[in-house]
Amino acid sequence: MSGSWTEITIRSSAADIESVAAAATACGSGQFYIEDYSDMDETLPLIGRVDYISEELAALDKSRAALHLYIPEGEDRDRITNSISNLLTQAGLSFEIDASTIPEENWAEGWKQFYHSLKIGERLVIRPSWEEYEAREGEAVVAIDPGSSFGSGTHESTRLCLEFLEEQLRGKESVLDMGCGSGILSLAALALGAESALGADVELHAVKTARENAALNGMSERFSALCGDALTDAAFARSLGGDYDIICANIVADIIIAMAPLFAAKLKGSGLLIAGGIIDSRAAEVKAALSESGLDFLKDRTEKGWLALCFKKREAAERQLRSCDFPAEGGEITTKKAQVSVTPALSELEGIMGLIKEAQALLKSRGVDQWQDGYPEEWIIKRDIEKGTARLVRGGEGELLGFYVLNEEPERAYEAISGGEWLTDGVNYAVLHRICVGGKARGSGLGARMIEEACELSRRHGLESLRTDTHPDNCVMLSLLKRLGFKRCGEVDYGEGFGGLRIAFEKLL
């Protein structure tokens, strides 16, 4: 036997199967297929031949469905199974899950019976490598052998991204495919007229599969693939180059949010981002993160609870204070200017409260229950100014763009931390609070610059670390802090009426 696979089977109600698919996609890197016969009774009349349906199939419980996830040998089946179980439990879903081992040869041939040539959009055809297909005039045909890598064209998310590619490609584009899997998006782009494509994936077997598929289609000279993690490896991120016409990212919502600044940095002016792998409940968060990073929303496509988004890079003239490179040495964002803020005057209190109201409205629009109870009140900001802990960013014409508070006194709420521990002991730390960016500067990288400046000011004052906290649902701030090198340490509780539970972070200086 040359190897084996793990089959993880998750059974749930048919109504919940798309949520199960989202969890499987987030936790496992293998292929999956869904058994869902809930609409069979409605579609049988359209077939016209009920004798095509076996008695066993007809007798199945149509209210139930199952997802079969196949992960390659060497992957941690217990970790993946537990991760999927945790996500589904947190979502309040009822399910059963089990895992079994199947031989390589059973997998290699058995699943192929479910995979056939697929027409997508007006011109694009995806065919399995073992099936012949006679192309019609004007069709662009791509042969794919997905192996163990995601990307056969059968999943809604992949199809939606392929439809966007067909719609947006004009010819001669350069394409970056983040999380390339089988290489299907890169190769489809090349078949539709793109000049070159670079695929990147954290899984080595995916990179190998993508290269093999490129060779299968005679595209090896125009396609290359690299293995690495652009979120944690600065050198790898730089090796991807830049100035791309189109970036594809058919991944998951959390990774797209974390990579938002990278996409903006790698696109040329007016370049396009096509992002998929997003379930509808996460669309608002993803759109907000991409907008914050300097991309403008163009349109979306939806199918069965999945979304693909198309964004355009904002013109340089619209992106004030753009001065962040992502990522720098050590995987962190660094600023080209050491200081961006000044100590505000009390006369600027009204303008600062205007910034805070903008931030409150933005958080509300994202469904984040932070700063929604009137906090921070005007007297708090007035006290910050009087104590000399407030910092204000002004634009070139004196307009107020950003605000934060840097306090070098220990925070009482940080004395008790649950679910972890601080990186440092004692009281030699600074605290970052009340950070907000005005609408005129969103997407400029100003939030990252202010946090980096807070780190530098704290370092200059001889402090050991910088601590901060944010709401558990503030995904944009959570991902930004992680990108800037902060470590999640646990949870702190300000108590009811004072902010409640917050996720605590610390960065060593």
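Modeller: Let's begin with a pair of strands. In this predicted model, strand 12 (residues 267-279) and strand 14 (residues 306-313) are joined by six bridges in the antiparallel sense.

Biologist: What is the order of the seven strands in the open sheet?

Modeller: Read it across the sheet: 10-9-8-11-12-14-13, with mixed pairing. Strand 10 (223-227) and strand 13 (295-303) are the edge strands, each pairing on one side only. On average, neighbouring strands here are turned by 15° against each other, direction ignored.

Biologist: Which strands of this sheet does helix 6 touch?

Modeller: Helix 6 packs on strand 11 (244-250), strand 12, strand 13 and strand 14, and its direction makes about 125° with that of strand 13. Helix 7 packs on the sheet too, touching strand 8 (174-178), strand 9 (196-201), strand 10 and strand 11. The direction of helix 7 makes about 175° with that of strand 9.

Biologist: And what is the order in the open sheet of three strands?

Modeller: That one reads 5-6-7, again with mixed pairing. Strand 5 (118-120) and strand 7 (140-144) each have a single partner strand, so one side of each lacks a neighbour in the sheet. The twist from one strand to the next averages 25°.

Biologist: Do strand 6 and strand 7 run parallel or antiparallel?

Modeller: They run parallel, and five bridges join strand 6 (residues 124-128) to strand 7. Look for Leu124, which stands opposite Ala140 in strand 7.

Note on methods:
Residues are numbered from 1 along each chain as its sequence is written. This is a predicted model: local features need pLDDT of at least 70, side-chain atom pairs count only at pLDDT 80 or more; totals for chains, interfaces and linings use all residues. Side-chain values use heavy atoms; hydrogens and water are left out. Two strands pair if DSSP finds at least two bridges between them. Helices (H or I, at least four residues) and strands (E, at least two) are DSSP runs, numbered from the N terminus. Axes are lines fitted to C-alpha atoms, for helices over the stretch in contact, and angles run from 0 to 180 degrees between N-to-C directions. Contact means heavy atoms within 4.5 Å.
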